[in-house]
Amino acid sequence: MILGIIFTPIPYFVLIITAGYLYGVWPGAFYSYIAQILAAIGVFTLTKFLNIKITNKTYEKYQGKVSRNKKILYLMYALPVIPISVTSIISASSKIKWKSFLKIILISFAPGTIFFTFFGNNLSTKNILFISLFLLITLVALIFFMKKFKLKLINKKILAKIFHKNKSKEI
């Protein structure tokens, strides 16, 4: 699960839901929580050890936000929008102290892990009402936090370049 969280293109919350489905709420939450913590610590430590510097503008933007306000890390780790490995690299690059980083991940991972394993466990019972309500609440919360912190899932400039290139090839 640790390797799945770090390396796979599958969003890590899918792995947590799967753990809830396979193992139940509490065992699935425990396995997922430990895996997330170990994955975050591993990437953070490796980034610090190798002294990795970020030159990507998107990373630099988030690194600047984190440097100004460390509380945004709680949100970045708690919401499954940004991968744990990316958030850990940003954390390590922003000169955050080890103790603060550990406190942030220990607090941030707990609610989401329980929430998603509970959802996975209810998939096995096929409770359609709960699943529908869960998806609605998750979507509303995601939209709220993305608007509040001005996070974007789709970069309009990149989409414009893609569509512009495709149109020029057709002609």
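Among contacts in the chain between residues at least 6 apart in sequence, what percentage join residues at least 24 apart? In this predicted model, the share of such contacts that join residues at least 24 apart is 73%. The chain contains nine helices and zero strands, so that its pattern, read along the sequence, is α-α-α-α-α-α-α-α-α, as counted from DSSP runs. Of the 171 residues in the chain, 34% are buried, and the accessible surface comes to about 11100 Å², with 70% of that area belonging to carbon and sulfur atoms.

**Nonpolar core**

- The largest nonpolar core has 28 residues, and the members that touch the most others are Met76 and Tyr77.
- At least two residues of this core come from each of helix H2 (12–23), helix H3 (25–49), helix H4 (57–68), helix H5 (71–78), helix H6 (84–93), helix H7 (98–125) and helix H8 (128–148), and the helix that gives the most is H7, with six residues.
- Once its neighbours within four places in sequence are left aside, Met76 is in contact with Tyr62, Val66, Ile82, Thr87 and Ile90.

**Helix H3**

- Helix H3 has 25 residues and spans 35 Å from its first C-alpha to its last, which is close to the 36 Å expected at 1.5 Å a residue.
- The buried residues of H3 are Val25, Gly28, Ala29, Ser32, Ala35, Gln36, Ile37, Ala39, Ala40, Val43, Phe44 and Thr47.
- Just after H3, the backbone at Asn51 takes a positive phi of about 55°.

**Nonpolar surface patch**

- A nonpolar patch on the surface is formed by Met1, Ile2, Tyr21, Leu22, Tyr23, Phe30, Tyr31, Ile34, Leu38 and Leu123, which together have about 960 Å² of accessible area.
- The elements that give two or more residues to this patch are H2 and H3, and H3 gives the most, with four residues.
- Met1, a member of the patch, lies in the segment before helix H1 (2–7).
- Met1 counts as partly exposed because its relative accessible area is 38%, a value that falls between the limits of under 20% for buried and over 50% for exposed.

How values were computed. Residues are numbered from 1 along each chain as its sequence is written. This is a predicted model: local features need pLDDT of at least 70, side-chain atom pairs count only at pLDDT 80 or more; totals for chains, interfaces and linings use all residues. Side-chain values use heavy atoms; hydrogens and water are left out. A nonpolar core is a set of buried Ala, Val, Leu, Ile, Met, Phe, Trp, Tyr and Cys residues joined through side-chain atoms within 4.5 Å. Buried means under 20% relative accessible area, exposed over 50%, partly exposed in between (1.4 Å probe, protein chains only). Contact means heavy atoms within 4.5 Å. The expected span of a helix is 1.5 Å times one less than its number of residues. Patches are made of residues with over 30% relative accessible area and no salt bridge: like charges are joined within 9 Å, nonpolar side chains (Val, Leu, Ile, Met, Phe, Trp, Tyr) within 5 Å. Accessible areas come from the Shrake-Rupley method with a 1.4 Å probe; for residues, only the protein chains shown count as cover. A salt bridge is a side-chain nitrogen of Lys or Arg within 4 Å of a carboxyl oxygen of Asp or Glu.
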